[in-house]
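Please look over the model below before reading on. The paragraphs that follow go through it one topic at a time.

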Amino acid sequence: MDAANYKNQIFKTDDLSIELKCHGDTEYTKVSYPVKYGLFSRLETRDYIFEFNLNHDLRHAKSKRKAWIHPSEWLKRTLGNDWVYYSTGGYSGVYEALGEYYLPNLMYPTNSLLGGKPFKEKEIGQIVKNWHQIIGQLPDAGLSDPVCQWVCAIKQQTPEGLHKKAQKLFEISGSRVTVMPPDARHVDYNIIPLNISDGCLYKCRFCKVKNKKSFSVRSEQDIDHQIKQLKQLYGKDLINFNALFLGEHDALNAPCELILDTVHKACHAFHFESSYMKENYLFMFGSVGSFLAADKTLFETLNRMPFQTFINIGLESYDQATLDLLGKPLTVKKVGEAFEKIQIINDTFPHIEISCNFVMDDTLSDSHYEAAMTLIRESVNRTNPKGCVYLSPLKFGSPSRQVLYDFYKLKSLSRFPTFLYIIQRL
Ligand code: SF4
């Protein structure tokens, strides 16, 4: 499918504006005003603005009424059928904390330290609950043919149908993505999830996103089947995607050939070379064990592929007592070696960025923070623009001023880009 085939069409009455095949930005950017990406269609009524993807599924919504919190804020409906409210946070501190200008507010408990309770706002609740009824009131008569067909198509995408679509997405890989890599923020979490493995190596006691599956690798047939089904499910909207997430929690522990073959196949099957969005992105998680074991060939080959690759490694702590407390079966020696290798990979390969995570909590000892500092400050003698360090609050649903204060303190001392990790599902 070629973006040139998508000719923009506009239909307007006093109460209504419908714009079919809008051409949004082609590149993900970090700016302090709302940017719409990809090809989509927009419906504007007196009170609301709704945007739909190329499968006619609702993807963004906002109210134009006074009661809406801020004119630059909006709701996004994810592929997993969650609503996310993007708030500016008054623009103060959000970028410093997250590396993004907008704060995603989620409907489910997570470890975010920022934001209020936007889903308690009447105007937001009204859209979340009634968007389909609002669309249902659109006239069927008096519209030109393509507009009439489009209105009919968006009315058919009911909340029940979208719920089923999300269930189908989870069924394809066998489970829901319970946590997306923090680096997926670079594509506003618009990823195609493809599982090449299940489970993880460590089953750490502290972790709230793990499952019971021991680590295993998917067969080639299984991966091919997922690709085929994902292609069908993403349908016409595939042209808007340029990012692949290889799941599950430790895809880096899969054999090197399987990783590379899958990336190659998926890139081809999902037509990333002709995506409307510029550049291609690859995201995955790795563990200290899989990262240390990963051969140089893997990184050399990934670096040559037409992707910007981000691999996120959970280090959690450089303090043995804290690792033991977290139930993370690792030694500080291994964590230190992994951190050192992260710097080598980041310095060597321009198209690969390895990021890492450390946990934060007000119950953790000073030695945890002091030890983290020896890595993120003392191990290098100047500021490094690459190799994000994410600090991940341990507790869910428990924003703490103290933890936020600790975060800003660590960030100010860190010599790497340092941000908070908000655990988000797909
Ligand atoms: S932190 Fe990573 S390795 Fe540990 S249990 Fe969670 S997913 Fe598994």
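A residue counts as buried when its relative accessible area is under 20%, as exposed when that area is over 50%, and as partly exposed in between. Glutamate 51 has a relative accessible area of 2%, so glutamate 51 is buried. Its salt-bridge partner is arginine 42, with N and O 3.2 Å apart. Arginine 42 has a relative accessibility of 24% and therefore counts as partly exposed. The model in which these values were computed is a predicted one.

Now consider the chain as a whole. The protein is divided into domain 1, residues 3–156, and domain 2, residues 160–420. The C-alpha centres of domain 1 and domain 2 are 28 Å apart. How many residues of domain 1 are in contact with domain 2? There are 38 of them, and they meet 41 residues of domain 2.

The size of an interface is often given as the accessible area lost when the parts come together. Between domain 1 and domain 2, about 3,400 Å² is buried, and carbon and sulfur atoms give 56% of this area. On the side of domain 1, the residues that lose the most area to domain 2 are Tyr28, Leu79 and Leu113, which together account for 23% of what that side buries.

Strand 6 (74–77) and helix 1 (94–98) each supply at least two residues of the side of domain 1 that touches domain 2. The largest share of that side comes from helix 1, with 4 residues. Sorted by class, the side of domain 1 that touches domain 2 consists of 16 nonpolar, 13 polar and 9 charged residues.

Side chains of opposite charge can pair when their charged atoms come close. The salt bridges come to 26 by the rule used here, and 5 salt bridges are found across the interface of domain 1 and domain 2. Glutamate 44 and lysine 64 form a salt bridge whose closest N and O atoms are 3.1 Å apart. Because glutamate 44 lies in strand 3 (39–44) and lysine 64 in the loop between strand 5 and strand 6, the pair ties together parts that are 20 residues apart in sequence. Glutamate 44 is partly exposed at 26% relative accessibility, and lysine 64 is partly exposed at 39%.

What distance separates the closest N and O atoms of arginine 176 and aspartate 82? In this salt bridge the distance is 3.0 Å. Arginine 176 is in the loop between helix 4 (159–173) and strand 9 (192–195), while aspartate 82 is in the loop between strand 6 and strand 7 (83–87), so this pair ties together parts 94 residues apart in sequence. Elsewhere, salt bridges with shared partners join Asp198, Lys213, Arg218, Asp222 and Glu248 into one network.

The backbone comes last. Most residues other than glycine have a negative phi, and most peptide bonds are trans. Glycine 247 and glutamate 248 are joined by a cis peptide bond, with omega about 5°. Glutamate 248 lies in the loop between strand 12 (243–247) and helix 6 (256–269). Histidine 56 has a positive phi of about 70° and lies in the loop between strand 4 (48–52) and strand 5 (58–63). Glutamate 279 also has a positive phi, near 65°, and its place is in the loop between helix 6 and strand 13 (281–286).

Definitions and conventions
Residues numbered from 1 in each chain as written. Predicted model: local features only at pLDDT ≥ 70, side-chain atom pairs only at ≥ 80, totals over all residues. Heavy atoms only, no water. Domains from an automatic or database assignment. Contact = heavy atoms within 4.5 Å. Buried area = accessible area lost by both parts, 1.4 Å probe. Salt bridge = Lys/Arg side-chain N within 4 Å of Asp/Glu carboxyl O. Nonpolar A, V, L, I, M, F, W, Y, C, P; charged D, E, K, R; others polar. Buried < 20%, exposed > 50% of the residue type's maximum accessible area, 1.4 Å probe, protein only.
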